[in-house]
Amino acid sequence: MIKKKWWHDKVAYQIYPKSFKDGNSDGIGDLRGIIEKLDYLEELGVEIVWISPIYQSPFIDQGYDISDYYAIDPVFGTMDDMDELLLEAKKRNISIVMDLVVNHCSDQHEWFQKALRDPFGKYGRYFYIREGKNGNPPCNWRSYFGGSVWEKLPGYENLFYLHMFAKEQPDLNWENPQVRQEIYKMIRWWLKKGIAGFRLDAIINIKKDLRFQDMPADREDGMCTGAKMLQYAEGVHEFLQEMKQEAFEPYQAFTIGELFDFRPEEMERYIGDNGCFESIFDFAPHILGGSEKGWFARRPVTPDEFRDAVYHSKTVSQDIGMMANIIENHDEPRGVSRYLPEHDINETSKKMLAGISLMTYGLPFLYQGQEIGMTNKQFQSIEEVDDINTLDEYNVAIENGLDKEQALKLIAGMSRDNARTPMQWSNEPNAGFSKSNPWLAVNDNYSEINVEEQKTRKDSVWSFYKKLISFRKNPEYTETVVYGRQIPVLTELKNFMGFYRRGEKQVLLVLANYQSQKREIVIKEKVKRILIDNYEGSCDTAKPIQTEKGTVFLMESYQFLVIEV
């Protein structure tokens, strides 16, 4: 049994502030808008809220390029607004978690501006500035957003600085103790202000392979993904443990890491009792179907792949700590558009995905709009796309032989802009998000999919999420839902997901018919009662039938059941 923590029985929610709610009618979401919707979050049952970056930024990468860690960007409001948000959230027992982006900063940050003036001085050592090879980059690593990770330092023919992301996001040199102490000081400043903790962005990248050597090319451009370097970068745990001891532990901060590229055998070093973080996101389903060549070479994810990825994560993690279960976030397309066949996306299948996420072992982490089943947007032209990563992948697809129409359709399925379209509050103009034209166009389906409409129906996706969250908090079942061991069952079935949650008080059985065809499911146990059914009130198929084979369920298309056995 893992050591119990205050956050284990909570439900968390991510807010992308630019697209959540506009409080001052300028077309951009802000802190006033979040304050306005705290009652909504409380009603849903949310008790932890992670807010994507609201720091001062030039917004080259939507705020993940920070120019001042101690300032709120005016587009989001003021520090007084932030203080009010913390106060109002506390009244509702909502803990606020902020984004911690410390692998890199903005090229407009004071430190980098000083480094440009004197690359060999104190602030030059805050970054990775290296000599090139006869005017060419020091090595052939490719940035996550395309192109070399190296950019020439203005005014110098053979000096380059490292950026794992956009060229406007220079990587901070964590090998420099002064840099680390500056970061820890900033973390403590925010924790003193009253935030509950941080989500740590791209944190595994803070340790580099300091040899800066070429690696075998994986694309026609002669470069290799920078992520490959992480396999050879040793010592990241020392940095993370130092940060934990000097900045997080004194405030008992909740920390959740964004880790894509880590070694599964090191899970205990990340989320165990002595781990670097309290939790990490479970990205196992998200990396399915990917290709080093780019989005154009991706393949669709099957229900069985999704199921097996979830099962594997829980097998690896549940004796060590609690990962966070996510279907989508600000860097991913909408989960229902990604994990459900296009022709099967409806409220029933959306509820099934919700049930899997909320009943799987781990901390449920919702992303704004997920609770109403928001879908991907239909892009009509590349001019509608804002995301820097999507634009790069569009160009990669064109370079690999796709025409513009094919490339647009391809990137539309994976674009981060899908998750960044404004929250759909109502069928009013601009989806009730703003009285002005939004910074990014709303999804055309907002009149059919919105909070206001769904709150009026007991059979809506929103109502089902609320029911699942309430079930997690029900004293009769909390211990089992939160801590009960997850054990797969009926794994031989295709397009099906089934597992036990075995607690000290009871055993729950979760069944999900992950297909449009009806099917017969047989279990060996007798049924005490059906606790959750996404078809409740619309059919009688969930009634168990006792036979010689066992208990039989005739499951409808995408039916989801939680049964006490």
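Tutor: Let's go from the overall build to a few strands, a helix, the core and some salt bridges.

Student: Before that, what kind of model is this, and how are residues numbered?

Tutor: This is a predicted model, where local features need pLDDT of at least 70 and side-chain atom pairs count only at pLDDT 80 or more, while totals for chains, interfaces and linings use all residues. Residues are numbered from 1 along each chain as its sequence is written, and side-chain values use heavy atoms, with hydrogens and water left out.

Student: OK, how many helices and strands does the protein chain have?

Tutor: There are 17 helices and 23 strands in the protein chain. Both are DSSP runs numbered from the N terminus, helices being H or I with at least four residues and strands E with at least two.

Student: What about the radius of gyration?

Tutor: A compact globule with 565 residues would have a radius of gyration near 24 Å, and the protein chain agrees, at 24 Å. That radius is taken over C-alpha atoms, and the globule rule is 2.2 Å times the number of residues to the power 0.38. Along the principal axes, the C-alpha atoms fill a box of roughly 80 × 55 × 50 Å.

Student: And how much of the chain is buried?

Tutor: Buried residues make up 63% of the 565. Buried means under 20% relative accessible area, exposed means over 50%, and partly exposed is in between (1.4 Å probe, protein chains only).

Student: Switching to strands: which residues of β2 are buried?

Tutor: In β2 (residues 48–51), Ile-48 and Trp-50 are buried on one side and Val-49 and Ile-51 on the other, so both faces are covered.

Student: Which strands does β2 pair with?

Tutor: β1 (residues 12–15) pairs with β2 in the parallel sense over four bridges, and Gln-14 stands opposite Trp-50. β2 is also joined by four bridges to β5 (residues 95–100), again running parallel, with Ile-51 opposite Met-98. For two strands to count as paired, DSSP has to find at least two bridges between them.

Student: Where can I find antiparallel pairing?

Tutor: Look at the open sheet of three strands in the order β19-β22-β21, which has antiparallel pairing. β19 (519–523) and β21 (545–546) stand at the edges with a single partner strand each, so one side of each has no neighbour in the sheet. Five bridges pair β19 with β22 (residues 551–555), and Glu-520 has Leu-554 as its bridge partner in β22.

Student: Now a helix. Which residues of α5 are buried?

Tutor: In α5 (residues 110–117), the buried ones are Trp-111, Phe-112 and Ala-115. They cover an arc of only 90° around the axis, which puts them on the same side of α5. That arc is of the directions from the helix axis to the C-beta atoms. These buried residues pack against β9 (159–162) and α6 (177–193).

Student: And the largest nonpolar core, which residues touch the most other members?

Tutor: Met-82, Phe-198, Tyr-270 and Phe-560 do, out of 161 residues in that core. A nonpolar core is a set of buried Ala, Val, Leu, Ile, Met, Phe, Trp, Tyr and Cys residues joined through side-chain atoms within 4.5 Å. A second, separate core has 14 residues, including Val-489 and Ile-563.

Student: What does Met-82 touch?

Tutor: Leaving out residues up to four places away in sequence, Met-82 touches Leu-31, Ile-54, Ile-72, Ile-96, Met-98, Trp-190 and Ile-195. Contact here means heavy atoms within 4.5 Å.

Student: How many salt bridges are there?

Tutor: A search of the whole structure finds 52. Each is a side-chain nitrogen of Lys or Arg within 4 Å of a carboxyl oxygen of Asp or Glu.

Student: How about Asp-171 and Lys-208, buried or exposed?

Tutor: Asp-171 counts as buried at 0% relative accessibility, and Lys-208 counts as buried at 1%. Their side chains meet in a salt bridge at 2.9 Å, N to O. It links distant parts of the chain, with Asp-171 in the loop between β9 and α6 and Lys-208 in the loop between β10 (197–200) and β11 (224–225), 37 residues apart.

Student: Which residues are linked in a network of salt bridges?

Tutor: Those are Asp-61, Asp-331, Asp-387, Arg-416 and Arg-420.
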